[in-house]
Amino acid sequence: MGACQSFREMCDREKDTNVRLSLPAVCVVWQTAMIILFGVFIRYDHESDAHWVEHRKHLNLTDIENDFYFRYPSFQDVHVMIFVGFGFLMTFLKRYSFGGVGFNFLIAAFGIQWALLMQGWFHSLDYTDGKIKIGIENLINADFCVAGCLIAYGALLGKVSPVQLMVLTLFGITLFAVEEFIILSLIHARDAGGSMVIHTFGAYYGLSISWMLYRPNLHQSSRLQGSVYHSDVFAMIGTLFLWMFWPSFNSAICDHGDGQHRAAINTYLCLASTVLTTVAISSLFQKHGKLDMVHIQNSTLAGGVAAGTAAEFMLMPYGCLIVGFCCGVISTLGYIFLTPFMEKRLKIQDTCGIHNLHAMPGVIGGIVGAVTAASASVEVYGHEGLVNTFDFEGKFKDMVPTTQGGHQAAGLCVALCFGIGGGIIVGAILRLPIWGDPADDDCFDDETYWEVPEEEEEVSSSFICLGFVLFSYQTNDAVIAFCCSRLYCIQSPLDGSTAQFWDYSHILM
Amino acid sequence: MGACQSFREMCDREKDTNVRLSLPAVCVVWQTAMIILFGVFIRYDHESDAHWVEHRKHLNLTDIENDFYFRYPSFQDVHVMIFVGFGFLMTFLKRYSFGGVGFNFLIAAFGIQWALLMQGWFHSLDYTDGKIKIGIENLINADFCVAGCLIAYGALLGKVSPVQLMVLTLFGITLFAVEEFIILSLIHARDAGGSMVIHTFGAYYGLSISWMLYRPNLHQSSRLQGSVYHSDVFAMIGTLFLWMFWPSFNSAICDHGDGQHRAAINTYLCLASTVLTTVAISSLFQKHGKLDMVHIQNSTLAGGVAAGTAAEFMLMPYGCLIVGFCCGVISTLGYIFLTPFMEKRLKIQDTCGIHNLHAMPGVIGGIVGAVTAASASVEVYGHEGLVNTFDFEGKFKDMVPTTQGGHQAAGLCVALCFGIGGGIIVGAILRLPIWGDPADDDCFDDETYWEVPEEEEEVSSSFICLGFVLFSYQTNDAVIAFCCSRLYCIQSPLDGSTAQFWDYSHILM
Amino acid sequence: MGACQSFREMCDREKDTNVRLSLPAVCVVWQTAMIILFGVFIRYDHESDAHWVEHRKHLNLTDIENDFYFRYPSFQDVHVMIFVGFGFLMTFLKRYSFGGVGFNFLIAAFGIQWALLMQGWFHSLDYTDGKIKIGIENLINADFCVAGCLIAYGALLGKVSPVQLMVLTLFGITLFAVEEFIILSLIHARDAGGSMVIHTFGAYYGLSISWMLYRPNLHQSSRLQGSVYHSDVFAMIGTLFLWMFWPSFNSAICDHGDGQHRAAINTYLCLASTVLTTVAISSLFQKHGKLDMVHIQNSTLAGGVAAGTAAEFMLMPYGCLIVGFCCGVISTLGYIFLTPFMEKRLKIQDTCGIHNLHAMPGVIGGIVGAVTAASASVEVYGHEGLVNTFDFEGKFKDMVPTTQGGHQAAGLCVALCFGIGGGIIVGAILRLPIWGDPADDDCFDDETYWEVPEEEEEVSSSFICLGFVLFSYQTNDAVIAFCCSRLYCIQSPLDGSTAQFWDYSHILM
């Protein structure tokens with residue numbers, strides 16, 4: 001008994017989850033750094049600067065042609081996906097809803113600031129004055145960039161400390177910005193909805209970290225690794241907001257006009273198709289044909305991921321339905337067969353199943369993008385439409401669809417390499433015993449990092465009745481009286497008879 | 001005892017709720033059919049096609065004049081209403097939240113695809129090449145079309161299988177498209193927000209089906225036919241998103257400019273007024289003046305339904321308040337008096353009370369539309385405004401407001417006939433014993449079609465303590481042991497002393 | 001004992017929470033008054049009137065330049081904040097979620113109507129015909145106006161009756177409209193996001209009322225003054241929708257073009273920064289560094305409040321981060337130190353902590369606005385930009401930034417005076433014993449004004465088993481029978497043996 005206790009104390013010493021110094025320090029220091037860097041680098045772009053009124057007269061534009069009106073509704077939808085969508089999707093665990101939605105909130109709020117800087121240096125630097133000029137499109141891109149890290153969080157949900165998540169986000173955003181610059185600017189791959197840049201990268205980044213942080217004794221907290229009825233309903237809030245606003249996600253930074261219009265339609269159709277095949281596979285592989293909430297919550301979204309790269313292309317309505325069809329099947333089968341396999345054999349513990357929701361559909365999206373790009377023709381797009389859609393301008397004006405297809409494939413490879421490579425490095429950093437991560441039997445438990453309210457409910461009043469009855473039998477048994485009085489404390493105004501008991505129990509204690 | 005058991009077994013054989021083959025088959029086959037039909041018929045319209053860039057230069061338009069920017073924010077609001085609004089409104093039952101939000105998701109995702117085809121054949125067929133050309137307005141209309149079926153689902157909530165819902169949706173969408181074509185195109189009634197086309201049709205369609213599927217022994221599951229505290233809060237998510245976005249619903253496909261603007265204002269006012277009278281009636285008819293969540297969740301929305309047809313008309317701000325006032329009163333009284341009457345006398349079991357929320361307000365909306373149209377004048381609308389609002393163009397260019405009023409009334413009758421007639425026919429089909437619908441005592445229970453997580457909570461462990469205490473008194477009483485062992489099952493890992501008890505109880509049983 | 005009981009009865013007589021007559025009367029009479037006043041005063045403005053089609057041709061505008069398309073997406077976001085944001089933020093109490101979201105719904109629906117009238121008389125009166133002309137901007141302003149009253153409700157949550165809330169709203173909207181007219185039109189302060197006009201006013205209005213309605217014995221309901229696990233997750237829905245859509249709130253009525261664009265960016269950055277410092281302070285001041293949900297739910301929003309006044313100004317991205325940084329720190333410290341102090345020493349019971357979320361950040365926002373305005377320069381804004389941003393036109397065309405700064409400060413003082421003064425007067429009115437407010441031990445309990453579903457779950461059936469067992473021992477003990485029969489009532493259909501018991505217990509009682 002003593003040996004056991006001292007062993008436990010030792011473990012507790014090893015796994016010190018007290019983040020009272022590290023978390024505030026990280027938050028305050030990094031936020032201060034953001035202020036300084038923003039002070040040095042970030043300014044408004046010409047459409048959000050007060051000089052716009054002169055600028056637009058010069059360009060003979062009306063106010064409605066400010067990019068704000070093209071993109072703000074989509075931006076808000078994306079914003080909802082990042083904070084409510086990803087946040088509530090991760091509330092499905094019975095005792096990790098605070099951590100799911102709360103840490104998602106924290107790292108997204110940090111990530112968007114760091115992303116504005118990182119992406120700004122690569123894409124929005126004004127070389128005349130060395131400043132990054134930001135507008136609404138930068139905000140959307142920052143949200144996109146954060147999405148990669150939130151996907152990675154999905155694999156690690158319940159097993160890491162908030163400090164680890166901040167570190168994961170810092171490196172994740174940095175890697176993302178570099179990878180995105182290589183894929184979009186150097187390789188000139190198109191990726192409007194980020195199948196490759198966001199989903200493939202984010203998922204493999206998270207899976208690699210999870211592999212590095214493998215916990216052989218995670219079964220010690222298996223009692224908490226499921227859902228309860230209402231936590232599953234909360235998670236459906238996340239699912240539905242992701243599902244509904246995915247057309248905005250994939251169209252948010254597309255070309256004005258037909259680009260945004262087509263991306264929204266394509267994604268809408270892809271997602272609709274996915275729901276039906278997800279339901280089909282979920283029912284087919286469960287005994288009695290019962291549906292599994294895990295599949296409905298996650299696999300129904302796979303079509304949106306896969307529609308990302310080709311969203312802007314002439315994928316054709318039936319093409320979208322085919323992509324969605326396949327993704328629903330593959331993603332649901334992944335949950336049924338692949339996730340258990342990965343945990344047992346590959347030592348990858350993937351809490352939310354991001355391999356099925358983001359990794360595989362992301363790769364499919366990259367391939368669909370490459371094939372669609374390679375098979376583009378002037379017949380289908382029109383001459384101007386082809387140049388417009390694939391941005392065959394500037395130093396890429398001589399590109400043709402077939403080479404574009406090759407570039408798309410190259411982009412997918414870069415995303416994979418960055419995700420896996422970056423994840424392994426960052427995973428190694430996160431294994432250092434200084435980040436306050438939880439012990440194996442404290443995983444998936446909000447008690448570790450949150451003040452959790454005590455549950456009681458009226459049930460207790462019924463308990464009191466029973467307790468009272470017991471009490472009337474055995475008035476000389478102090479143990480029962482103590483038990484009853486404890487229950488009694490919860491409930492206050494009672495009728496005379498119980499008050500009598502109350503007085504009595506005081507005497508006994 | 002034996003007879004009873006064999007009877008029950010027989011019933012269970014009759015009511016086989018295993019949808020392991022039928023549900024996947026329906027989903028996969030119908031989705032495949034959608035792919036083929038989309039391949040043959042559906043293409044992008046000129047505003048979402050890559051040729052737009054050439055097209056708009058030809059028409060001298062800017063990108064912002066693409067219909068996408070007029071309608072996309074409204075579309076997303078409507079999308080939220082369909083999936084989160086209707087979905088969460090149906091989570092109010094204590095043990096049917098999965099079915100409420102999940103099946104809503106499934107049939108909406110199927111319905112929008114089928115609606116794109118059905119409505120496309122009637123309204124968007126390009127006769128030059130025989131293709132349906134879709135853009136953002138088609139997506140909105142598909143969502144509208146699905147709304148009719150989701151309303152019908154409200155009457156049947158908890159009493160049908162997902163396969164029945166798919167069949168209901170297939171026929172519902174088909175009937176809707178025909179009915180809509182007759183009302184809007186042939187009769188030339190105006191119905192921007194669908195009081196007649198969506199709500200009246202959908203509600204009577206659902207009520208007729210419910211009448212055909214009448215379950216005399218539904219009281220067997222009455223224990224599950226109520227709400228719990230948190231399920232009522234979940235339902236408020238649905239209520240509020242419907243309430244807030246209803247102005248977008250009624251304005252989504254109105255004319256550009258003042259049409260959309262006025263429809264949004266009218267609906268906003270109608271809904272505000274409804275809330276106050278709903279609260280008034282709810283409080284007035286409950287003892288102690290307590291408010292009933294059922295009324296707040298549903299009747300507050302009646303004003304939005306009734307504002308549908310006349311949304312685009314010059315209903316005048318005070319007119320909207322009057323309509324809302326009446327709808328709040330009538331809808332709440334319906335919940336108090338009419339729903340119990342309909343269940344007892346008319347054999348119509350209406351789980352969500354769609355008769356009060358959609359049927360009556362829908363008919364009111366149709367009448368308000370007819371009256372408002374008949375009393376329209378050049379003075380109020382202006383000459384161009386009148387033509388513009390009522391679309392007195394083409395072969396209807398000689399119509400005057402009074403005849404328009406008659407046409408509106410005719411439209412309402414068509415919606416009623418299609419709803420009731422279609423519902424009876426589809427109800428007859430759904431009575432076939434092949435769809436896997438639940439037995440009377442399995443209604444309103446997610447266990448039938450969903451893998452439901454087991455609840456435990458600390459409560460059960462307290463039970464065991466009490467049970468154990470009792471047990472220690474009376475070890476020779478088998479009844480207690482049985483009772484305790486049943487409680488014991490809820491909790492799994494226990495210390496030695498209880499395990500001892502566990503063994504003991506086995507002996508006793 | 002007898003004396004105690006009669007005293008309690010007397011108190012119950014004094015505190016009659018039956019609102020069966022007063023609530024319906026207030027709702028119906030006031031709604032009728034609204035209809036009459038709307039009939040006399042309110043008409044569509046030129047952009048929502050059917051004459052727009054002629055009007056726009058006259059002005060050579062396209063449909064997309066209708067103000068609807070500039071503001072409708074922001075309006076819907078604001079609408080979500082008012083109804084879902086504020087509503088769900090107040091669901092955090094364990095047994096007051098119905099009251100939180102339901103009464104919020106009621107008073108907001110009444111408030112927007114009254115606000116259209118009050119604000120209309122001051123700002124949108126067309127002197128040619130004496131009518132108020134409303135368009136989308138009026139709807140947004142009405143939502144803003146209501147926000148002030150909802151903030152005040154936050155301080156009083158759980159302690160007032162719905163009738164009191166209606167009175168609070170009636171006077172609150174009236175005071176708001178006068179105060180807003182003085183600040184914006186007479187003093188010519190700028191306050192796009194309402195740091196002063198909405199938040200400072202609303203918070204001090206609510207705090208003053210709470211001070212007037214001080215309940216010395218509120219500890220009697222302290223058992224209900226906390227959250228449970230799932231109510232905290234519900235509250236996060238409110239938090240996140242407020243947080244995400246705050247950029248829309250602050251930009252909704254800004255100038256077209258760069259004004260709206262810049263306000264959205266500024267608010268986005270302010271809020272991001274606040275999250276990190278809130279987490280830092282929350283963790284730092286709790287033992288073991290655990291985060292407190294109260295802080296995460298509330299203080300993360302403080303940055304949005306403080307960004308209100310200066311949202312449209314050239315606050316600069318780093319300036320926004322600094323404001324957010326400070327607000328997160330101050331607001332969280334307020335929850336930790338100031339709220340308990342105010343309750344104990346200043347006799348101000350502030351349920352939601354609006355002093356920390358709205359009052360202090362609102363004042364900070366006012367000061368930031370004054371400083372930013374005073375330091376504005378032609379260099380930063382451009383000449384036209386300066387005139388445009390600060391509206392130096394008409395009779396204010398000679399103003400300069402430094403005087404504008406003074407006017408801003410004056411505006412802040414007016415907001416404070418109206419809030420505190422108005423709150424004391426309205427608080428005195430609400431102390432009259434006619435409003436049906438709850439007794440001290442009925443506070444924070446939905447049972448008082450709502451039909452609350454009984455909780456049972458399987459637990460209750462287990463109770464019955466236990467009760468029955470007990471009963472079989474002691475058939476001559478009436479107390480047990482009573483206790484059992486009470487439990488029995490919860491559950492309806494039982495087998496023969498229990499029915500027998502049921503009969504028996506009747507005899508005993």
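This note comments, point by point, on the strands, the symmetry and the chain contacts of a predicted model.

1. Basis of the note. Residues are numbered from 1 along each chain as its sequence is written, and chains are lettered from A in the order in which they are written. Because the model is predicted, local features need pLDDT of at least 70 and side-chain atom pairs count only at pLDDT 80 or more, whereas totals for chains, interfaces and linings use all residues; side-chain values use heavy atoms, with hydrogens and water left out.

2. Strand pairing in chain B. Helices (H or I, at least four residues) and strands (E, at least two) are DSSP runs, numbered from the N terminus. Two strands pair if DSSP finds at least two bridges between them. Strand 1 of chain B, residues 42-44, runs parallel to strand 3 of chain B, and three bridges connect the two. Within this pairing, B:Tyr44 has B:Ile134 of strand 3 as its bridge partner. Strand 2 of chain B, residues 125-126, is antiparallel to strand 3 of chain B and is joined to it by two bridges. Here B:Asp126 is opposite B:Lys131 of strand 3.

3. The hairpin and the faces of strand 3. Four residues separate strand 2 from strand 3 of chain B in a hairpin, and B:Gly130 in the turn has a positive phi of about 70°. Strand 3 of chain B covers residues 131-134, and its side chains alternate. On one face, B:Ile132 and B:Ile134 are buried (under 20% relative accessible area, with exposed meaning over 50% and partly exposed in between; 1.4 Å probe, protein chains only).

4. B:Phe444 sits in the loop between helix 17 (401-430) and helix 18 of chain B, and its relative accessibility of 0% makes it buried. In chain C, the phi of C:Phe444 is likewise positive, about 60°, in a residue that is not a glycine. C:Phe444 belongs to the loop between helix 17 (401-430) and helix 18 (457-473) of chain C, and it is buried at a relative accessible area of 0%.

5. Symmetry. Two copies of a chain are related by a rotation about an axis and a shift along it.

6. Contact of chain B with chain A. Contact means heavy atoms within 4.5 Å. On this basis 85 residues of chain B meet 83 residues of chain A. Only 15% of the interface residues of chain B are also interface residues in chain A, so the copies meet through different surfaces. The two chains bury about 7,100 Å², 73% of it on carbon and sulfur atoms (buried area is the accessible area, 1.4 Å probe, that two parts lose on being put together, summed over both). B:Tyr44, B:Phe105 and B:Glu451 supply 11% of the area that chain B buries against chain A, more than any other three residues.

7. The interface has one salt bridge (a side-chain nitrogen of Lys or Arg within 4 Å of a carboxyl oxygen of Asp or Glu). A salt bridge joins the side chains of B:Lys57 and A:Glu384, at 2.5 Å from N to O.

8. Contact of chain C with chain A. Here 91 residues of chain C meet 94 residues of chain A. The buried area is about 7,800 Å², of which carbon and sulfur atoms give 72%. C:Tyr229, C:Tyr268 and C:Leu276 lose the most area in chain C to chain A, together 11% of what that side buries. One salt bridge is counted between these chains. C:Glu384 and A:Lys57 form a salt bridge in which the closest N and O atoms are 2.5 Å apart. Helix 10 of chain C (residues 258-284) gives the largest share of the side that touches chain A, 17 residues.
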